[in-house]
Amino acid sequence: MEIKKTILEKSKQKPPVKDPSQVVFGGTFTNHMFTLRYREGKGWFDPHIQPFQDLSLSPAALVLHYAQEIFEGMKAYRSPRGEILLFRPEENARRLNRSLKRMCMPPIPEEDFLVYLKELLKVEREWVPEKKGTSLYIRPTVIATEPKLGVKPSTEYLFYIILAPVGLYFKGGLKPVSLWMTRDYVRACEGGTGEAKTGGNYAASLYAGELAKQKGYGQVLWLDAKENRYVEEVGAMNIFFVINDKLVTPRLKGTILPGITRKSVLQLAGDMGLDTEERLISIDEVIEGIESGALTECFGAGTAAVICPVGTLSLDGKEYVINDNRIGKWSQTFFDTITDIQGGLAEDKYHWIEKVD
Ligand SMILES: *Cc1c(COP(=O)(O)O)cnc(C)c1O
């Protein structure tokens with residue numbers, strides 16, 4: 001499909017943000033966005049790169065009432081040679097389609113998705129920042145736009161991609177965060193939508209997230225919905241532990257988002273000689289491991305922070321400190337290895353990098 005382009009006159013364009021550390025994370029957008037519409041019987045049509053602007057939507061649009069929507073999160077990086085790089089974008093294209101399917105929304109061919117994204121990035125290429133650790137965050141989104149009050153899949157959709165320059169998640173280097181666990185609230189249950197990247201999962205997580213903040217913790221580490229006993233994930237990051245010199249992470253069982261950073265960490269670990277296990281991890285095992293010293297590291301993994309070391313866990317009013325609240329060896333190794341590959345600073349042994357152009 002031919003992409004229509006409506007480009008802002010140079011004099012009306014905002015200049016690109018050179019140092020995204022100076023702007024609010026995820027609050028500043030580039031000059032243009034990509035949009036694509038869908039109607040039942042017609043399929044996807046009207047691909048358009050146009051000035052970033054507010055959407056026009058019926059107040060009855062299904063997304064606003066029944067939350068039929070999905071999204072993705074990825075980044076474009078600038079290599080030292082000036083190229084624009086994507087990290088495993090075909091994985092995002094595949095996951096986007098899995099999320100769409102779960103939410104009864106029509107698929108977007110993976111090749112088309114990548115073409116649309118690359119075309120938008122070419123228009124906004126000056127917005128991919130150069131400073132080490134900075135990137136252009138990419139938010140592909142699909143929403144149900146049919147105006148109707150009635151619980152059913154929409155017959156009309158809007159797919160759009162917006163771009164936001166972002167700085168380092170941790171200004172001044174990695175810093176361990178604290179996580180709060182609760183038995184009173186859950187994020188996802190088996191058979192639910194936990195493994196889809198859909199807004200409803202986040203809406204469901206807000207209340208406990210606010211409680212965690214009130215208590216002085218950074219985020220919630222979710223436990224399973226059935227027994228409130230097994231560790232699941234951190235809402236926008238998958239969770240890893242180093243226990244008895246093995247890298248352990250909860251296995252994907254429908255309630256956990258299959259992170260691309262997670263998948264990459266598991267693959268790298270294997271090749272670095274660190275044994276990996278994907279399995280159930282009970283909170284008792286975690287606490288015993290911290291107390292006995294068998295558990296030496298804990299970190300989150302996701303596109304935004306890449307690797308986020310965890311220094312403190314809290315459960316039932318008790319606090320458990322991991323590795324003296326310092327960054328662990330493996331956390332730092334995975335952070336450095338992945339960010340070097342993403343930024344084009346290290347050899348791309350795994351063919352994870354795709355150049356735009
Ligand atoms: C996006 C997301 C992740 C991380 O996935 P990445 O592909 O590594 O960015 C983890 N958990 C949830 C709930 C997410 O939405």
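A pocket, as the word is used here, is an open set of grid points, computed over the protein atoms alone, that has protein on both sides within 12 Å along at least five of seven lines. In this predicted model, the space taken by the ligand is the largest pocket.

The shell around the ligand comprises 15 residues, of which Lys197, Tyr202, Glu233, Thr261 and Thr303 come nearest. By residue class, this shell divides into five nonpolar, six polar and four charged members. For Tyr202, Glu233 and Thr261, the computed distances between a polar side-chain atom and an atom of the ligand are as follows.

| Residue | Ligand atom | Distance |
|---|---|---|
| Tyr202 | oxygen | 2.5 Å |
| Glu233 | nitrogen | 2.5 Å |
| Thr261 | oxygen | 2.6 Å |

Taken alone, the ligand exposes 380 Å², and the protein buries 97% of that area.

Is Leu100 buried or exposed? Leu100 counts as buried because its relative accessibility is 0%, and the cut-off for that class is a value under 20%. Along the chain, Leu100 and Thr198 are 98 residues apart, yet in the model their C-alpha atoms are separated by 8.9 Å.

Definitions and conventions: Residues numbered from 1 in each chain as written. Predicted model: local features only at pLDDT ≥ 70, side-chain atom pairs only at ≥ 80, totals over all residues. Heavy atoms only, no water. Near = heavy atom within 4 Å. Polar contact = N/O pair within 3.5 Å; in protein donor to acceptor, adjacent residues only side chain to side chain. Areas by Shrake-Rupley, 256 points an atom, 1.4 Å probe, with all protein chains shown as cover. 1 Å grid on protein atoms, 1.4 Å probe; cavity = no way out; pocket = protein on both sides within 12 Å on 5 of 7 lines; lining within 4 Å. Sits in = over half its atoms within 2 Å of the grid points. Nonpolar A, V, L, I, M, F, W, Y, C, P; charged D, E, K, R; others polar. Buried < 20%, exposed > 50% of the residue type's maximum accessible area, 1.4 Å probe, protein only.
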